[in-house]
Amino acid sequence: MTVLQGHGISQGAVHGPIYFFRRSPKPAESARLGCDPESEHKRLAHARAAAAQELLELAGAAETEAGENGAALFEAHAMLLEDEDAVSAADTLISQGHSAEYAVAQAARAAENLLIDTGRPDLYARTADVEDVAERLQRLLSGGQESLLSLPHPVILCAEDLSPSETIHLDKTKILAIATQRGSATSHTAILARTLGIPAVCGLGDELNESLHGQEAILSGDTGQLILNPDPSAMQALDSNLARQTSHQAQCQAMIGLDDCTSDGRPMPICCNIASPADVSAVLANDGHGIGLFRSEFLYLAAGDYPSEEVQFRAYRQVAEAMEGKRVVIRTMDIGADKQIGYFQLRPEENPALGLRAIRLCLARPQMFRTQLRALYRASAYGNIAILFPMIASVWEVQACRKICRQVMEELAEQEIPFDPNIPLGVMIETPAAVMMAPELAGEADFFSVGTNDLTQYTLACDRQCAGLEPYYNPRHPAVLRQLKLAADAAHQAGIPIGICGELAADADLLPTFLALGIDELSVAPASVLLLRAALRGIDSTACDLRLLMG
Ligand code: PEP
Ligand code: MG
C-alpha cells in the first residue's frame, strides 16, 4: 500500500480502479519507405474506423450538451475522413511503400494547400479541421488511447491535468473521482468536480503517473489522499468513512424545505453554480434557492462550433423553465485564459489570464455577443432570468454591454418576439479595478456578484491555475476580504444587492464575516447548499463581526 498526498478539492471518498489519461504527444511523422503496403493499408483502415467511432461519440455527446449545432463540427470531421481525394492520395503513397503516418500527413498537407490556394478566408479556416482529423488519425496509428468518452467502466480518472474542454466531454457516469498531478482548488476541473459532486484531489505530483494505470485505489477528497493498493485496514477506514458520509447526507436531507436564514431570522439565500442544463437536476435535488451563476461558456466548450442563437435559446429556456420562476443568473460567456476553444482561433497570448478573455472578447466580437444576448432575451420570456457580465474593470465596458442589450431589445420588439424588457443586468466584481470603481459601477448595474476566484488571483498576483502556490493563493486574505467590504458598501449605498459566486462562498467558516459585511446572497456548487444552510441556521447574525478583515 502506498499513499500519495495531494490537496482535496472536492469532498467524498471512493474505491475503484485507476484510469490514467495521457494526452498523446504529437506523433513524429515518419517517411519510412520500404513498408509492407498490405499491412500499412490495414493499419490506416483500422485507424479510420476508430476515428469514425470516436467522432460519432463526440457528436452524440456534443448534441446532448449543446444541441444539434454542437454536433455539426464532429460530423464535418467524419466526412473529411471519407474525403475521396485525400483517401486516394494516402492510398497511393502507401502502395509506393510509405508508412501510413507519412501518407496521412502528406494527404492532409495536399488538402490544406488546396484550401489555402482558393484565397477564401472561410475555406482557409477549414485547414484547422483537416489538421484536427489528421492528428486524430496519427494518434490512433501510434496506438494512442481510446477517447475519454469510451471509458470501459467506472474509474478514478487520473491525469497530469485536464483542460475545461476535456472535462466537459467526460462521460460523467463513468467517473468515480478525479486525481491530477497538478491543478488547483479554483481550476475549472475542480469547480466542475464540485458541481458534479465527484470527489477530487489535485497536486499529487509526478508519483501519479501512467505506471499506476489499472491499480486499485482509494481516493479521499477530504484528506487529499490517493491510497494505492489499499490494505484491509484502509478498506475498513473507507467503509466507516462511507457510513459517515451516508449519515451526513441524511442530516443534510433534513435541511430540504427549510429557509436559508440565521437563527435570528436574517435571510441569506443560497443559490447554485451550474455549467450546463444537465446540472439543474442537482440544483433541484439540493433545494437551491435559484441559480446564482450559470457559466454559459460551457455550452461553447461542449460544442464543436459556435452554438447558434436557437441552440442557446433552447438551453437557457430549458433552465429557466425547470427552475419554475426562481431566479436564474446567466453569465455571458467567459472564454479565454484557461478556457480555450479551437474554433475561436484565439491568438496565443503570453499572459492569457490578463488577455482577451470574457467581456473583452465579447466586445471585440459584437456579432457573437449579440447572438448570445438575443438568445438570453428570448429565453427571458419563459422564466426569471438575469444577465451577468464577467471580468469588468471599467464603467465604459458596462455601458457598451447595456448599449448592445438595448439594440437587441429593439430588434426583438420589431420582430415581435417576446422578451422581458426588465432583465436585471449584473456586474461581476472580480478585478481590483471593479472594486475601486464599485461606486460608479453600482450606478450602471442592477446587482453585483463577486467572483472571488479571479478577485483573489488578480489581487494577490497569483495564478489560480498554478499548483504549488497554495500558501499565496489565499481567498481569505484580508486584502480580498477588505475588497468585499468596499464592494458591499458601494452596492448598498446605491441600493443594489451583492452576492458571492466564487468558491469562497462555500466556506462555512466565513458565514459570520459575510453576514457582517451585509452580503445578500451566496451561490455555490449544488452539493454545498444543504451543508451551508445547516451552518447558517446555527449562526446568530447579531453576534457577527469583521475581525477577519484585520488579518
Ligand atoms: C470567479 O472568478 O470567482 C468566478 C465565479 O468565475 P470563474 O471561476 O468561472 O472564473
Ligand atoms: Mg471569474
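By class, 4 nonpolar, 5 polar and 8 charged residues make up the shell around ligand 1. The structure is a predicted model.

**Exercise 1.** Describe the surroundings of ligand 1, and determine which element gives the largest share of the shell.

*Solution.* 
1. Ligand 1 is surrounded by 17 residues, and the closest are Arg295, Arg331, Gly451, Asn453 and Arg464.
2. The space that ligand 1 takes is the largest cavity.
3. Two or more residues of the shell come from each of α8 (188-196), β10 (291-295) and α18 (452-459).
4. The largest share, 3 residues, is given by α18.

**Exercise 2.** State which part of asparagine 453 supplies the polar atom 2.7 Å from an oxygen atom of ligand 1, and describe two further polar contacts of the ligand.

*Solution.* 
1. In asparagine 453, the polar atom 2.7 Å from a ligand oxygen belongs to the backbone.
2. In arginine 331, an N or O atom of the side chain is 2.8 Å from an oxygen atom of ligand 1.
3. In aspartate 454, a polar side-chain atom lies 3.0 Å from an oxygen atom of ligand 1.
4. Taken alone, ligand 1 exposes 290 Å², of which the protein buries 100%.

**Exercise 3.** Classify the ring pair formed by tyrosine 306 and tyrosine 343.

*Solution.* 
1. The whole structure contains 8 aromatic pairs.
2. For tyrosine 306 and tyrosine 343, the ring centres are 4.8 Å apart and the planes stand at 75°.
3. Planes over 60 degrees apart count as edge-to-face; therefore this pair is edge-to-face.
4. The pair links distant parts of the chain, 37 residues apart. Tyrosine 306 is in the loop between α11 (297-302) and α12 (309-322), and tyrosine 343 is in the loop between β11 (327-331) and α13 (359-364).

Notes
Residues numbered from 1 in each chain as written. Chains lettered and ligands numbered in written order. Predicted model: local features only at pLDDT ≥ 70, side-chain atom pairs only at ≥ 80, totals over all residues. Heavy atoms only, no water. Near = heavy atom within 4 Å. Polar contact = N/O pair within 3.5 Å; in protein donor to acceptor, adjacent residues only side chain to side chain. Areas by Shrake-Rupley, 256 points an atom, 1.4 Å probe, with all protein chains shown as cover. 1 Å grid on protein atoms, 1.4 Å probe; cavity = no way out; pocket = protein on both sides within 12 Å on 5 of 7 lines; lining within 4 Å. Sits in = over half its atoms within 2 Å of the grid points. Helix = DSSP H or I, 4+ residues; strand = E, 2+ residues; numbered from the N terminus. Nonpolar A, V, L, I, M, F, W, Y, C, P; charged D, E, K, R; others polar. Phe/Tyr/Trp six-rings, centres within 6.5 Å; stacked < 30°, edge-to-face > 60°.
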